[in-house]
Amino acid sequence: MPRTVSPARRHTGRSRPLRIAAALVVLAALGGYLTVQYITGSQVVEGCVVRSADGSDGKGRTYRMSPEQAVNAATISAVGTSRGMPERAVTIALATALQESGLRNIEHGDRDSLGLFQQRPSQGWGTEEQILDPVYSAGQFYRHLAEVPGYSRLPLTVAAQRVQRSGFPQAYAKHEPDAALLAAALTGRTPAALNCAPPRATAASADAAKVRAELVRAFGKDVLPAARTAPGGAGGAAATSTVSVPVAKPRASEDDGSARRGWELAHWAVAQSEALRLGEVSYAGRVWEAGSGWRTERKESGTTEVRIKLAR
């Protein structure tokens, strides 16, 4: 005689696979959500954080991002200011990159779109190799933005769309507050506003020559005097554990141009701390140290240079 199974047990037997499937769907959705949040910089457990000028008490605006995103954001800002572009241009560029790539230098996209700004080789933006170079792609964005009449007075969505020709132009607007916060710090208007977690242990060793090379790539050859970019003899510039970057007024100088330039360079170095294995950055009486963030020096340093110390 066949075994009789109660309706309740039959219901339980059928529902268990459904519950398991539902649980897997929830876990997958949660994983996707966390991935998106990491990409866009909304939730990053370890990495970098930018605070607004009134954020020292924890009540101001903040934006969190991964070390990769911080490097790319700092590069976008450096390329813009080195071309004499104003802070507004940097804000437009950062908002565009936040929308297009989440500030990641991705090797895929719609059709043949690539890189931080999802530029397309088939549309004349450059070769794949060029577009995947953040310095080049940022330069291309600014070159096209500079050709937009009155771009600094246009709504951000309009200015970005004139360059990008996106199918979703209004999407840039949601990134404007974060982009403005980043631009204020990375162009040096907000001092000591960027903090990054200490560099992770990597196989690569700190290299002063590489720090100099990256400075020149981002800011141009004028960022370092020729004497400081050339390797020295034994124990000379190539072997030093500190890179000193002179602070001069940028091309589009304001009243506080020197101070802004100094903080721009200092924040660039903090953003690069993991990639270049940097342990300390000092400027204008403030010192950033890997693992502890910014502090005030007992003996205030000058404002004529930014000092970057390699991690030990």
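Let's start with the aromatics. Searching the whole structure turns up five aromatic pairs. Keep in mind that this is a predicted model.

Look at Trp263 and Tyr283. Their ring centres sit 5.3 Å apart, with the planes at 90 degrees. Over 60 degrees counts as edge-to-face, so that is what this pair is. Now, where do the two residues lie? Trp263 is in helix H10, residues 257–271. Tyr283 is in strand E5, residues 278–283.

Buried or exposed? The cut-off for buried is under 20% relative accessible area. Trp263 has 6% relative accessibility, so Trp263 is buried. Tyr283 has 1%, so Tyr283 is buried too.

Stay on Trp263. Its ring also pairs with that of Trp294. Centres are 5.3 Å apart, planes at 65 degrees, so this pair is edge-to-face. Which element holds Trp294? Strand E7, residues 293–296. Trp263 is in helix H10, so the pair ties together parts 31 residues apart in sequence. And Trp294 has 15% relative accessibility, so Trp294 counts as buried.

One more item, elsewhere in the sequence. Which residues form one aromatic cluster? Phe117, Phe141 and Tyr142.

Terms used
Residues are numbered from 1 along each chain as its sequence is written. This is a predicted model: local features need pLDDT of at least 70, side-chain atom pairs count only at pLDDT 80 or more; totals for chains, interfaces and linings use all residues. Side-chain values use heavy atoms; hydrogens and water are left out. Rings of Phe, Tyr and Trp (its six-membered ring) pair if their centres lie within 6.5 Å; planes under 30 degrees apart count as stacked, over 60 as edge-to-face and the rest as tilted. Helices (H or I, at least four residues) and strands (E, at least two) are DSSP runs, numbered from the N terminus. Buried means under 20% relative accessible area, exposed over 50%, partly exposed in between (1.4 Å probe, protein chains only).
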